Amino acid sequence: MPTRSDEEATLADLLGRRTERDAVGTLLSRARAGRSGAFVVRGEAGIGKTALLGFAREEASAQGYRIESATGMEAEMHFAFAGLHQLCQPLLERAEGLPDPQRAALDVAFGQRDGSAPDRFLVGLATLNLLAEAAEEAPLLCLIEDAHWLDEASAQVMAFVARRLVAERIALVLAMRDQTGGGTRAFAGLPELRLAGLGESDARTLLTSALHTPLDDQVRDRIVAEARGNPLALLELPLSWQPEHRAGGFGLPEAGDVPFRVEDSFRRRSGTLPTESQQLLLVAAAEPTGDVATFWRAAAQLGIARDAIAPAEAAGLVDVDSRVRFRHPLARSAVYQAAPMSERRRAHGALATVIDPMRDQDRRTWHRAHSVLGFDEEIAAELERSAERTRARGGFAAAGAFLQRSTELTPEPADRTRRALEAAHAKHEAGASKVALELLGIAESGALDPMQRARAALLHAQIAFHLTRGEGVPRMLLEAATALETLDFALAHEIYFHALDAVLVSGDATDAARIAEAVLAAPAPAKGLREVDQLVDGIAAILVRGDEEGVPLLRAALAALRDAAAGGGPYANENQPWLWLAGRMAVGIFEDDLAHALTACNIDLSRADGSLALLPLALSLRANVLIISGELSRARELTAEATAITDSTGNAPIRHARVILAAWQGDRAAVTELNDSTRRDDHYPEKSTEAALGQYALAVLLNGRGEYSAAQQPAQRACDSIELSLSAVALPELIEASVRAGDSETAALALERLSTRARASGTAWALGLEARSRALTIAGPAAEDHYLEAIARLEKTRIAGETARAHLVYGEWLRREGRRQQARDQLRTAYGMLTDMGAAAFAARAARELGATGEHPRKRTAQPTDQLTSHELHIARLVATGATSREVGARLYLSPRTIEAHLRSIFRKLGINSRRQLRELPLP
């Protein structure tokens with residue numbers, strides 16, 4: 001049987017790939033110089049991805065790189081962090097140098113210690129720092145082949161690392177097929193190098209290199225045409241033909257999908273081998289770790305001599321030395337898929353017998369599960385225990401796979417129902433919601449008890465939200481919560497919480513009222529209400545019974561949550577999921593101290609447990625509170641960090657803090673662009689709170705620019721939101737826009753709503769806004785007392801942005817009243833405050849008013865820190881507190897080397913050369 005020669009492989013590597021080779025060379029040279037980078041090589045099976053990675057390996061080796069690699073394997077997709085472990089295993093001796101939380105996360109992920117499931121992006125930071133440590137000694141090339149078959153956890157971590165590479169001397173190249181699903185979603189947005197087929201001339205040259213006998217011209221033309229430039233097709237297909245086919249042109253491959261035909265070529269080639277060789281190939285295909293000791297023990301268990309592998313090696317299908325490697329991933333899948341089910345079971349049985357249960361119990365169980373036919377309760381129970389262990393490591397996909405197979409092997413209907421329901425939950429947690437629905441159907445075909453029915457209803461709602469973001473989701477959550485009230489009050493109230501949160505985000509007032517009524521009608525628990533229960537009850541009371549009854553309940557709940565979360569320990573973490581909504585509600589009832597405390601605590605807890613899924617939300621909410629507090633510079637840092645994290649994790653973008661910040665800064669172009677992006681984003685329907693927040697931002701922008709008539713409509717849309725925090729901050733915008741546009745009726749209605757909320761709240765923030773808004777609606781001298789009251793009250797709060805605007809509108813009123821000198825005092829104060837904040841549009845408005853009094857304000861003197869980006873300013877502020885590069889890197893999910901690179905840029909821009917000098921500078 002002919003095999004592919006080294007000469008042919010080299011020719012395939014070089015032909016027609018100059019652009020791609022240049023891209024690899026550029027990546028390596030930049031990384032060597034301290035400018036890390038990554039890209040994805042995409043293309044159909046056999047197009048040359050493996051060859052390009054081989055070229056990268058050779059080039060990097062010649063340049064003194066350390067090279068580490070991993071290969072995604074279809075059979076490994078259910079084992080969390082399996083691919084990542086391949087990459088990191090040779091480097092794990094360096095893990096001792098990682099910060100404790102990172103080292104613990106990595107140890108739990110790799111099963112080296114027990115612990116709660118680690119946040120995948122904390123594992124990502126640990127991986128980034130592990131690779132960065134290795135790259136300190138020599139530049140590092142990481143090669144990931146078949147990334148489309150990576151387990152989801154590994155894919156997310158590697159995508160995170162790829163997006164955070166900056167200055168670590170690391171080059172990362174991932175190769176994957178042109179397909180969706182699997183781990184490919186995680187890599188969306190990374191730079192890509194797409195491989196097309198070879199040109200006709202190169203294809204002919206490559207085909208000729210693979211043949212050693214004459215070929216009819218017409219036959220050659222047809223092969224080149226059908227191969228469509230696929231190098232593997234051109235090299236491998238002729239090897240499976242009989243000599244008469246090559247010479248006479250008979251038996252040509254049928255037109256169709258090239259990868260399928262290539263895989264079929266491997267299948268036919270393996271089918272000609274001796275029986276024992278085929279059996280050993282199947283063992284190799286069934287155990288994708290490539291562990292050669294396990295492979296030979298399984299061969300002995302089957303009674304097959306080692307030399308039986310020689311024909312498979314000679315056929316160019318597999319190499320067996322220190323590891324078992326298939327020459328191409330298509331060969332592995334071809335061998336496994338071609339084998340009869342009975343032979344697959346035999347191979348899995350041999351592997352299960354020889355794997356040490358003390359060393360790898362879960363893999364042994366997996367093989368046992370695929371070695372049996374029919375029901376087997378003993379193995380089903382083992383699978384259930386394996387699911388518990390893998391779920392504890394964050395392996396939801398693995399847990400779902402174990403439980404799914406456990407369900408199939410379970411003989412007793414009640415156990416099958418229970419396991420199917422657990423499998424459905426695990427599959428949904430792993431992102432396989434459609435499979436979860438199938439398992440849910442199996443569970444519901446059995447006899448569910450009331451608790452199981454309620455959990456099934458909850459899962460239906462969660463899956464519907466994940467798949468469609470449908471309007472019916474809050475109602476589905478309501479039904480699930482109602483069913484659980486008498487069974488598990490705590491879980492029922494948590495579901496009510498999620499239902500209220502979902503409906504506040506979706507903006508459906510009818511559903512909000514229905515859910516709120518159900519919450520208030522629920523029986524009280526015997527053990528008393530927890531903080532989250534009080535929070536849900538307070539929100540429900542406002543929605544149904546109004547501010548007068550609801551605000552005191554909500555304030556008490558928020559204070560209790562603040563105290564519990566600030567107390568530290570595990571109890572603080574129990575309250576973390578509720579802090580996102582609690583912070584918004586504090587703004588909704590004008591509690592500035594609570595808003596600051598809750599949003600700051602939310603960030604601290606999210607950072608502490610490395611929760612990158614929650615941290616961008618926490619940062620964005622905190623930024624919103626800082627914006628209205630006049631701390632625009634700090635808010636800019638937090639929004640930049642939130643954006644960097646969502647870009648790194650691939651999660652849905654969060655734009656509301658960025659658009660609100662842009663509005664206060666007077667950046668019309670940014671407000672327009674961000675709102676347009678939200679309108680185009682399927683994550684955020686037109687009636688969603690995210691869209692309404694964009695309308696609030698637009699109203700702020702237009703009011704700042706004095707375009708009051710244009711500001712009315714977006715302000716009204718924001719006020720129509722049932723989200724309490726949004727209507728709270730939007731009502732003053734609507735009142736100001738309506739008064740200045742001459743629409744007194746709309747202003748009066750909005751003022752009535754604001755006054756009701758302000759009286760119920762009773763805070764200086766609430767009453768100050770109410771006084772300022774009322775003053776705007778009053779003509780003549782009677783307005784002055786309200787202006788003065790507004791300033792006096794707002795000056796007692798932390799909401800400096802609204803305080804500055806109170807000085808502005810009072811100064812404008814004084815100028816219109818002809819009291820020019822007093823107007824100058826107020827406008828000068830407003831201008832100074834707004835300029836220092838960076839609220840450019842409002843500052844310009846104050847400057848125009850000052851100009852109308854005959855005074856021209858001084859422009860703000862440029863500061864050295866103005867040259868810093870938001871990201872650099874954030875790093876500078878942290879370093880100025882005395883934090884080390886490692887500590888700053890851990891906080892911002894960057895490597896210490898990247899922090900050092902940013903510091904060099906900061907020092908250059910500021911004209912300094914030390915951390916001590918940085919600490920002495922006044923930072924905004």
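Is R455 buried, partly exposed or exposed? In this predicted model, R455 has a relative accessibility of 22% and therefore counts as partly exposed. The cut-off matters here, because buried means under 20% relative accessible area.

## Salt bridges

R455 is joined to E422 by a salt bridge between their side chains, at 2.7 Å from N to O. R455 belongs to helix 23 (residues 450-468) and E422 to helix 21 (residues 413-429), so the pair ties together parts that are 33 residues apart in sequence. E422 is likewise partly exposed, with a relative accessible area of 24%.

This pair belongs to a wider topic, the charged contacts of the chain. Side chains of opposite charge can pair when their charged atoms come close. Across the whole structure, a search finds 48 salt bridges. One of the pairs is formed by the side chains of R897 and E136, with an N to O distance of 3.1 Å. It links distant parts of the chain, since R897 is in helix 47 (residues 896-910) and E136 is in helix 6 (residues 120-137), 761 residues apart. R897 has a relative accessible area of 27% and is partly exposed; E136, at 43% relative accessibility, also counts as partly exposed.

A further salt bridge brings together the side chains of R545 and E549, at 2.8 Å from N to O. R545 is partly exposed, its relative accessible area being 44%, and E549 counts as partly exposed at 37% relative accessibility.

| Side-chain pair | N to O distance |
|---|---|
| R897 and E136 | 3.1 Å |
| R455 and E422 | 2.7 Å |
| R545 and E549 | 2.8 Å |

Salt bridges also occur as a network, in which E733, E736, R740, R805, E812 and R845 are linked.

An open sheet is formed by 5 strands in the order 2-3-4-1-5, with parallel pairing. Strand 2 (66-71) and strand 5 (192-194) stand at the edges, and each has a single partner strand, so one side of each is left without a neighbour in the sheet. From one strand to the next, the twist averages 20 degrees.

Within this sheet, strand 1 (residues 37-43) runs parallel to strand 4 and is joined to it by 7 bridges. G43 has R177 of strand 4 as its bridge partner. Helix 6 lies across strand 3 and strand 4, and runs at about 135 degrees to strand 3. Helix 6 is also the element that holds E136, the partner of R897.

## Loops beside the sheet

Two residues in loops have positive phi values without being glycine. D146 is one of them, with phi near 55 degrees. D146 is placed in the loop between strand 3 (140-145) and helix 7 (152-164). Its relative accessibility is 7%, so D146 counts as buried.

R169 is the other, with a positive phi of about 65 degrees. R169 lies in the loop between helix 7 and strand 4 (170-177). At 16% relative accessibility, R169 counts as buried.

## Nonpolar cores

Which residues touch the most other members of the largest nonpolar core? In this core of 174 residues, they are F187, L535, L558, W664 and Y696. Helix 6 supplies the largest share of the core, 10 residues.

The surroundings of F187 can be described in detail. Leaving aside residues up to four places away in sequence, F187 touches V40, A147, L150, A155, M158, A159, R163, L174 and M176. Another core, of 37 residues, lies apart from the largest one and has I304, V324, A350 and L351 among its members.

## Helix 34

W664, named above for its contacts in the largest core, is also one of the buried residues of helix 34. Of the 9 residues of helix 34 (residues 656-664), 8 are buried, so the helix is largely enclosed by the rest of the structure. The buried residues are H656, A657, V659, I660, L661, A662, A663 and W664. After helix 34 comes G666, with a positive phi near 80 degrees.

Methods: Residues numbered from 1 in each chain as written. Predicted model: local features only at pLDDT ≥ 70, side-chain atom pairs only at ≥ 80, totals over all residues. Heavy atoms only, no water. Buried < 20%, exposed > 50% of the residue type's maximum accessible area, 1.4 Å probe, protein only. Helix = DSSP H or I, 4+ residues; strand = E, 2+ residues; numbered from the N terminus. Salt bridge = Lys/Arg side-chain N within 4 Å of Asp/Glu carboxyl O. Core = buried A, V, L, I, M, F, W, Y, C linked by side-chain atoms within 4.5 Å. Contact = heavy atoms within 4.5 Å. Pairing = 2+ DSSP bridges. Axes fitted to C-alpha atoms, helices over the stretch in contact; angles between N-to-C directions.
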